[in-house]
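Hi,

Here is the structure I promised to pass on. Have a look at it first, and my notes follow below.

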Amino acid sequence: MTMIGVLGGMGPLATVDFMGRIVSLTRGERDQDHLPMMVANLPHTPDRSSAILGNGLDPLPALCAGVDLLNRNGIGLLVVPCNSAHHWYEQMRRRSAAPMLHIGEVCADAVPRCAGKVAVLATRGTLVSGFYQASLRERGMDFLVPDGGAQACITDSIARVKAGDMPAAAALLGEALQMLEAAGARVAVMGCTEIPLAARGIPRAPMPLIDSTQELALATVRYALARGWNVPT
């Protein structure tokens, strides 16, 4: 049996959200029609954004240990529903015995080419890493990175999701989106897997939101179904 390998726990709610989307996106009449997953939920992995900013422990050893765990269980695809962890994408990809999807690439592919200016909503670490900016630039898209005020709201919103305070997370994200709309953004990439959880509490977003969790789940399901992993063997 070939399985999807999910390296998660960064954070735990985002991992559960991703798993739920895999199930929802897989059409099935019975349990046996769904896709097998091996999930390594490893919340003790050091904070990725802090490490990128030079303020925390290196998470790469823990990421590699998680990849090794999944390798030992014969996965056919590696996915990591954490954007900031993709700062170490090449190291994880080389470590993995299976192909690995890149959350930033599949998310950037989903942005309409005529979208106008794209705001990148992410942790400070992901923004410093720059892979979203590079992916959008490669596709010929104009983008903006939030300024101090908007980024402070986004950072706090992510923290509130991790703490389980969804109303506060939604309010902070809504405030950031209003500031970004005023700065000229016409679409936003939710480049942190906590942000879609906060966005559920916004009655009406001022612009279309591209969901990195959803796009990674879609790409994962397409990959697995094309190889018949939903067929019991």
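To start you off: is Tyr132 buried or exposed? Tyr132 is buried, because its relative accessible area is 1%, and buried here means under 20% relative accessible area (exposed is over 50%, partly exposed is in between, with a 1.4 Å probe and protein chains only).

Before going on, some housekeeping. This is a predicted model, so local features need pLDDT of at least 70 and side-chain atom pairs count only at pLDDT 80 or more, while totals for chains, interfaces and linings use all residues. Residues are numbered from 1 along each chain as its sequence is written, and side-chain values use heavy atoms, with hydrogens and water left out.

**Aromatic rings**

Two aromatic pairs turn up in a search of the whole structure. Rings of Phe, Tyr and Trp (its six-membered ring) pair if their centres lie within 6.5 Å; planes under 30 degrees apart are stacked, over 60 edge-to-face, and the rest tilted. Tyr132 pairs with Phe131 in a tilted arrangement, 5.3 Å centre to centre and 35° between the planes. Phe131 counts as buried because its relative accessibility is 10%.

The other pair is Tyr223 with Trp229, which is edge-to-face at 5.8 Å centre to centre and 70° between the planes. Tyr223 and Trp229 are both buried.

**Around helix H7**

Phe131 and Tyr132 belong to helix H7 (residues 131–138), whose buried residues also include Gln133, Ser135 and Leu136. Helices (H or I, at least four residues) and strands (E, at least two) are DSSP runs, numbered from the N terminus. What covers the buried residues of H7? Among the elements doing so are helix H5 (103–109), strand S4 (118–121), H6, strand S6 (187–190) and helix H11 (212–226). Just after H7, Gly140 has a positive phi of about 75°. For context, most residues other than glycine have a negative phi, and most peptide bonds are trans.

Val120 lies in strand S4 and counts as buried because its relative accessibility is 0%. Leaving out residues up to four places away in sequence, Val120 touches Leu127, Tyr132, Leu136, Leu144, Pro146 and Val189, where contact means heavy atoms within 4.5 Å. Val120 and Ala188 are 68 residues apart in sequence, with their C-alpha atoms 5.9 Å apart in space.

**Helix H8 and the largest pocket**

The largest pocket has a volume of about 250 Å³. Of the 18 residues lining it, Asp47, Ser49, Thr123, Ile158 and Lys162 are the closest to its centre. Helix H2 (48–52), helix H6 (124–129) and helix H8 (148–162) are the elements that give two or more residues to the lining. H8 supplies the largest share, four residues.

The search runs on a 1 Å grid over the protein atoms alone: a pocket is an open set of points where a 1.4 Å probe fits, with protein on both sides within 12 Å along at least five of seven lines, and lining residues have an atom within 4 Å of a point. Volume is the space filled by probe spheres set on the points, which are joined across faces, edges and corners.

Ile154 is also in helix H8, and it counts as buried because its relative accessibility is 1%.

**The loops**

Met10 and Gly11 are joined by a cis peptide bond, with omega about -5°. Gly11 is in the loop between strand S1 (3–8) and helix H1 (12–25).

Met10 is also touched by Thr45, along with Pro59, Ala62 and Leu63, not counting residues up to four places away in sequence. Thr45 is in the loop between strand S2 (37–41) and H2, and counts as buried because its relative accessibility is 9%. Pro46 is in the loop between S2 and H2, and with the same exclusion of residues up to four places away in sequence, Pro46 touches Leu57, Asp58, Pro59 and Ala62.

Cheers
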